[in-house]
Amino acid sequence: MKNVTTIHTTKRGLRRFLLEKQLLLQPRSNDSTGQEHVLEVIRTLECLQIDPVAAVRPNQHLALSARISNYDPSMLHDLLRSYKVFEYFANAACVIPMENYPIFEPARRSIREHLKAAIDALQPVPEQVMDKLMNEGALPAKAFDSEQRVHGYWESSSNKAKTKATSHAINLLTDAAQIRIVGREGNQRLFDLTNRSVPAELLTAADEISNDEANEQMLLKYYRAYRVFEPSDGRFGWMKLKAAQRREAISRHVQSGIITEVVVEGLKHPYYVLSSDTERLLAQHDIAMNMENVEPEVEASEITFLPPLDNLLWSRKRLEDLFDFEYRWEIYTPAVKRKYGYYAMPILAGDRIIGRMDPRLNNKERLLTVELLHFEPGIRITAQLLNKVKKAIESFAQANGADQVTYK
């Protein structure tokens, strides 16, 4: 296919392409290869955001479950323990394929330099943590204890220090990539020395990679993760680039043929995609045009519940532009001011977001409570649609360990 400098499409064509690339347009896969299939999904998505909030299960597990019908959290835990993925900062704290370890070295160098004074000031505790790991192997955080209290990341220096010195040392050493998380069981994290738990060839590659090469590879990784992107995104490239730098990167990669501009009907600003993706975008454009005069049959579409930090939701602007859907995670909104609930999950039906579902899982009682079920304006709520959504909620509950569903 010859190079195309600009593609013209519709909102529906572009969003269908985005959903396809993020493995949300087709039915959820059901693969018996377990963790290897999970690894392939992570590679396709480039990374998954980690979050400790678990109204049902943590974000990373819900994002995988939205794409894999037989997903179990143990599959991701196994990948972490077998050193096939690592945790570090990308879009935020993320699970990332291990082969990408070298390109994050500039970020690690910068963070190590930034934290050096804090680590030095806390000595000898960080050194004691490192020595204990060296002598005893991988250990959970609870294996480290200290009577000394210091001000941790989230504590005000004006208040009494409450954080264990060993806990603060672990956080500092993890962010500086001197130790890393090599396993998770519930809220417990398992730590080991980085130089013992990352393959030697990747450590060497990280030492040898230049900042320019790593940053270029990081931009390409960002493009592959977002698939549909534009330079106003403050997280563009995951490198804290200034607005002028973001625009320069877009211009340079358009000129070199790496990315292609997309003009979207009804939008005043363009989006961009990888030039290698233009064939699939044009195919989805043609499908969308053939569906133009067809009333969307949401009743016939597969229903998927997206966690608040799902890859599809990373750009609120893109969500509004392509899906006409406004979304705000209300976890930090005072309860009395919340409109949809602190863990409201968008409901995807085919290529449309039709509403939100705010769930709570009681593990002890194996009960999923739906605090709110809301449909967007313009969605025709038929008995067939309501029944389909409730059946999907039952399946969601079972996939997350609940036997019963109740509605408030």
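Is R81 buried, partly exposed or exposed? In this predicted model, R81 is partly exposed at 36% relative accessibility, where buried denotes a relative accessible area under 20%, exposed one over 50%, and partly exposed the range in between (1.4 Å probe, protein chains only). The model being predicted, local features require pLDDT of at least 70 and side-chain atom pairs count only at pLDDT 80 or more, whereas totals for chains, interfaces and linings use all residues. Residues are numbered from 1 along each chain as its sequence is written, and side-chain values use heavy atoms, with hydrogens and water left out.

The side chain of R81 forms a salt bridge with that of D78, at 2.7 Å from N to O; a salt bridge is defined as a side-chain nitrogen of Lys or Arg within 4 Å of a carboxyl oxygen of Asp or Glu. Both residues belong to helix 4 and are three residues apart, about one turn of the helix. Helices (H or I, at least four residues) and strands (E, at least two) are DSSP runs, numbered from the N terminus. In general, an α-helix has 3.6 residues a turn, so residues three or four places apart point the same way. D78 is likewise partly exposed, at 29% relative accessibility. The buried residues of helix 4, by contrast, are P73, M75, L76, H77, L79 and L80. The elements that cover these buried residues include helix 2, helix 3, strand 3 (85-89), strand 4 and strand 8 (179-185). After helix 4 comes Y83, which has a positive phi, near 60 degrees.

Under the stated criterion, the number of salt bridges is 30. One of them joins the side chains of E99 and R43, with an N to O distance of 2.7 Å. Because E99 lies in the loop between strand 4 (93-97) and helix 5 (105-122) and R43 in helix 2 (residues 35-45), this pair ties together parts that are 56 residues apart in sequence. E99 is partly exposed, with 39% relative accessibility, and R43 is partly exposed as well, at 31%.

A further salt bridge connects D310 with R67, at 2.8 Å from N to O. D310 is situated in the loop between strand 12 (303-305) and helix 13 (316-323), and R67 in the loop between helix 3 (59-65) and helix 4 (73-81), so the pair ties together parts that are 243 residues apart in sequence. D310 and R67 are both buried.

Residues up to four places away in sequence aside, F305 is in contact (heavy atoms within 4.5 Å) with A66, M345, P346, I347, M357, V389, A392, I393 and F396.

Helix 1 (residues 11-21) packs against helix 12 (residues 278-290) at an angle of about 125 degrees, their axes being 8 Å apart. Axes are lines fitted to C-alpha atoms, for helices over the stretch in contact, and angles run from 0 to 180 degrees between N-to-C directions. The two helices are therefore oblique to each other, given that angles under 35 degrees count as roughly parallel, over 145 as roughly antiparallel, 65 to 115 as roughly perpendicular and the rest as oblique. R12, G13, L14, R16, F17, E20 and K21 of helix 1 make the contact with R280, L281, Q284, H285, I287 and A288 of helix 12.

D277, in the loop between strand 11 (271-274) and helix 12, is buried at 3% relative accessibility. Its contacts include F17, K21 and R227, residues up to four places away in sequence not being counted.

Helix 10 (residues 211-226) and helix 11 (residues 243-255) pack at about 85 degrees, with axes 12 Å apart, and are therefore roughly perpendicular to each other. This contact involves E216, L219 and Y223 of helix 10 and A249, I250, R252 and H253 of helix 11.
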